[in-house]
Amino acid sequence: MIALKIGVLASGRGSNFQSIIDSIESGYLKAEIGVLITDNPEAFAIERAKKHRIEHLVMVPGRLGSKDDFFEQIAEELKRREIGLVALAGFMRIVRKPLIDAFPNKIMNIHPALLPSFPGLHGQRQACAYGVKLSGCTVHFVDEGMDTGPIIIQAAVAVREDDTEDSLSERILKFEHKIYPRAIKLFSEGRIEVVGRKVMVTKSPADEKGLVNPSLTG
Ligand code: GRF
């Protein structure tokens, strides 16, 4: 069987990128990372790619081309490398139609809140400010909205009375690093089906009736 080839898009430090690398290297994930694409030449994710001998491309939107052109070019680079799953890992742009259409239900994102609460930037800060007692993280498929696509896995994390944005972010991040590889593993095993906006996860690849909820509570 040909292993799943993942294309990672990241803009910053890349700890989620690292968790995918580690899951592959430990044998947990039967997949390979075909390319890292970043829109930030300073991203620490680039160092991680170099260290693990993963090809990386720096792609910055051109001054003349449109946003759609930019995503069209990204889609071409991914297709050229026969990527089967695109994993957004701290990619700080809203993905546009040309990329979404090129990879239908094959683009995942990780968000540091329990969606649909607190989409957009600073999910952890929003959760602290609102005063919720539970927050967490979400892996979802990407559609054209802001963090609105079908939810694959969530992890719930209790908010402490003395939490700051930083302390909550740190605890949530540990769960991000668990659920992202887990969602990719389910995808690589062919156990995910999207029905409308619901994601169905089967117990085993062949078992269409045995559904499970792979989410976690911290
Ligand atoms: C994570 O908190 C992720 O949920 C959000 O952006 C952050 C990226 O962190 N989308 P890293 O670059 O993976 O360390």
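Over the face of which residue does lysine 79 lie? Lysine 79 lies over the face of phenylalanine 103, at 4.3 Å from the ring centre, where a charge is taken to sit over a ring if NZ of Lys or CZ of Arg is within 6 Å of the ring centre and within 35 degrees of the ring normal. A further case is lysine 178, which is placed over the face of phenylalanine 175 at 4.8 Å from the ring centre.

The model is a predicted one, in which local features need pLDDT of at least 70 and side-chain atom pairs count only at pLDDT 80 or more, while totals for chains, interfaces and linings use all residues. Residues are numbered from 1 along each chain as its sequence is written, and side-chain values use heavy atoms, with hydrogens and water left out.

The chain holds 6 helices and 10 strands, these being DSSP runs (helices H or I of at least four residues, strands E of at least two) numbered from the N terminus. The radius of gyration is 17 Å, close to the 17 Å that the globule rule gives for 218 residues, so the chain is as compact as a globular protein of that length; the radius is taken over C-alpha atoms, and the rule is 2.2 Å times the number of residues to the power 0.38. Buried residues make up 49% of the 218 residues, with buried meaning under 20% relative accessible area, exposed over 50% and partly exposed in between (1.4 Å probe, protein chains only).

Strand β1 (residues 4–10) pairs with β2 in the parallel sense over 7 bridges, two strands being paired if DSSP finds at least two bridges between them. Strand β2 (residues 31–38) is mostly covered, since 7 of its 8 residues are buried. Within strand β1 is leucine 4, which stands opposite alanine 31 in β2 and counts as buried at 14% relative accessibility. Apart from residues up to four places away in sequence, leucine 4 touches several residues, among them Lys30, Gly84, Leu85 and Phe187, a contact meaning heavy atoms within 4.5 Å. Isoleucine 184 is another residue that leucine 4 touches, and these two are 180 residues apart in sequence but 9.5 Å apart in space, C-alpha to C-alpha.

The aromatic rings form a further part of the picture, with 3 aromatic pairs in the structure. Rings of Phe, Tyr and Trp (its six-membered ring) pair if their centres lie within 6.5 Å, and planes under 30 degrees apart count as stacked, over 60 as edge-to-face and the rest as tilted. The rings of phenylalanine 70 and phenylalanine 71 have their centres 5.2 Å apart and their planes at 70°, so this pair is edge-to-face, and both residues are buried. For phenylalanine 71 and phenylalanine 91 the centres are 6.4 Å apart and the planes at 90°, so that pair is edge-to-face too. Phenylalanine 71 lies in helix α3 (residues 67–80) and phenylalanine 91 in the loop between β4 (85–88) and α4 (97–102), so the pair ties together parts that are 20 residues apart in sequence.

Some backbone details lie in loops. Histidine 122, found in the loop between β5 and α5, has a positive phi of about 55° although it is not a glycine, and is partly exposed with a relative accessible area of 38%.
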